[in-house]
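Here's a quick briefing for anyone meeting this structure for the first time. Have a look, then read on.

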Amino acid sequence: MPIKRPYLVEILTALALVLAPFVLPYLGFSPSTINRILIWGLFGLGFDILFGYTGLLSFGQSAFYGTGGMFAAYLLTEAGFPYVLLAIVLGAVVAGVVGYFIGLIALRRTGIYFAMITVAIAEVFFFVEFNPLSAFTGGENGLPGVPTPVINLGFTVLKFDTDWTMYTFLAFWYFVGIVIALRIVRSPVGAILSAIRDNPLRATALGHNIHGYKLTAFVVAAIYAGFAGGLLATMQGFMPPDAFMFDTSGQVVMQTAIGGAGTLFGPLIGAAVWLYLSDFFQNVLHLGPTWKLVLGIVFVLLVVFLRRGIVGAIIDLYRMTKGDKQGTEPATAAAATAFDPAAVEAMPARRRGGEAPASGPILRATGLTKRYGGLAANSDIDFSVDHGEMRGIIGPNGAGKSTFFKMLTCEVAPTSGTIMFEGRDITGMSVTDVCQLGLTKSYQINQLFDRLTVRQNLTIAALGETRGRFKLDLLRSIHSVPGLGEQVERTAALVNLTARLDTAVSELAYGEKRRLEIGLALATSPSLLLLDEPLAGMSPRERVETVALLKSIARGRTLIIIDHDMDALFELVGKVTVLQEGRVLVEGTPAEIKADAKVQEAYLGGVHGEVA
């Protein structure tokens, strides 16, 4: 595991903010430009949490930037409110509330549709500010006369009425903003936001309420934008109407892309590059209106050649020069089959309230049917599995196995029929809710968080059990979650990935990825685990290793396995269910299934074919 250096980033940030006014003027930055960079950097912090960490591209941040700034400016000018700092905070709160209600609408869609909704939101707010609310916002004139901050400490009064004194005020709040943002991305919530960015489907299947976490990121971004808008008003002594313009949203997107999304410092560096070049092109080269064209070309070049932005490129360069290859070497052949029995014993299936292992059916499906229009994928299936049983499901292609599995895990709602899990009717529940109850699955095609490490993948899975479906512990260290580290270590040992915990998933071999796929499901401590073709695509050696793994994890657990590898499946399970044309053809022991004439005819090559 990498050496932890607590607060190193915060200390370096504070040092950089102290040195900036002594260094940047020699590089051609004016005091007013430096102050604007801080405001854009603070504005971009929230956007980076939303886009860089959660994967939600919003073009509507100007709505919250303008709302927070206008509300604070109105309080300080028209309403005669005397407390500047409190007005800025209230503006941020109002922006957050607006963001909450806007998020309820916008987050109903994903991808390009979400982005287009935010574009529309920005345009609506711009229209409202210029027309219906012009009496309060000043319309195209904005709100002049915004006072500068004054802080009375009792023994002295701090006034921020010059560029450099304003810098100290803005630098302090940027530092507060970066500290809070770092706490957020290092928290359990931050881990789940990264999971949503990489693979929202799997995050949902691991028991996380991704809509709630997306809404949280949206509101956080709105609060940051609103606070930055209030600072803009006090810095300029005037709240400009162009804060609501779509161009403002576009600038924060481009600045974040230039600096590096998902780094937190990217927006600040991107703002520095953007504002410096815009001033240079206009005031030094005197390009006139063509400065935007030249700046656009520079933006394209930076994004093409520095795909992770400036900060991302620096991070990559640091890792290359450091030459840290810890955890990047493949596991040895001997270790690949050495599953840890102690880990199996230390990681029992989920028991609510400390109850003793139950007997009888853990899962019972009755009359389960799924129709797509006139096509019946499954018809009137009765199916039950007992506690502690290992059940195999086989059937030819098109037999309805995948649809049946998806209904059992509530990924697909049945057209008719009921599903009972541990005595509870789960028919119609969400996949998140049934995972919280202790029923989960691994996928036929790996559904991993590819941009994260093995440890981070297992952490996200374990958080679903340790914290529940949704919890707003935004400022809590992820390392302080009780039992989380132990759960991750036990799961890694169980699937023999302890030596690879700090390796990026993209660097794993295929067999290791398959074991991690199973590990994600195991990390939720399921009482019933469904495995969808766990041996698919494996070499003979990898199949032997994975069969050994499945035998290990079967102790004290209930498993249902779909696979086309007859030899391996019959070796593992005690009972087999055969599906044909969406119906149960026959059930029995592996020996009975091998000898069954109907199975031979339907699935294994004919009545006279020999079944191995």
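Cysteine 410 counts as buried, because its relative accessibility is 10% (buried means under 20% relative accessible area, exposed over 50%, partly exposed in between, with a 1.4 Å probe and protein chains only). Keep in mind that this is a predicted model, where local features need pLDDT of at least 70, side-chain atom pairs count only at pLDDT 80 or more, and totals for chains, interfaces and linings use all residues. Residues are numbered from 1 along each chain as its sequence is written, and side-chain values use heavy atoms, leaving out hydrogens and water.

**Cysteines**

- Cysteine 435 is buried too, with a relative accessible area of 3%.
- There are zero disulfides here (a disulfide is a pair of cysteine sulfur atoms within 2.5 Å).
- For cysteine 410, the closest cysteine sulfur sits in cysteine 435, 11 Å away, so that's too far for a bond.

**Helix 4 and helix 5**

- Helix 4 covers residues 84-106 and helix 5 covers residues 111-130 (helices are DSSP runs of H or I, at least four residues, numbered from the N terminus).
- They pack at an angle of about 140 degrees, with their axes 10 Å apart (axes are lines fitted to C-alpha atoms over the stretch in contact, and angles run from 0 to 180 degrees between N-to-C directions).
- That makes helix 4 oblique to helix 5 (under 35 degrees is roughly parallel, over 145 roughly antiparallel, 65 to 115 roughly perpendicular, and the rest oblique).
- On the helix 4 side, Val98, Ile102 and Ala106 meet Phe114, Ile117, Ile121 and Phe125 of helix 5 (contact means heavy atoms within 4.5 Å).

Key. Helix = DSSP H or I, 4+ residues; strand = E, 2+ residues; numbered from the N terminus.
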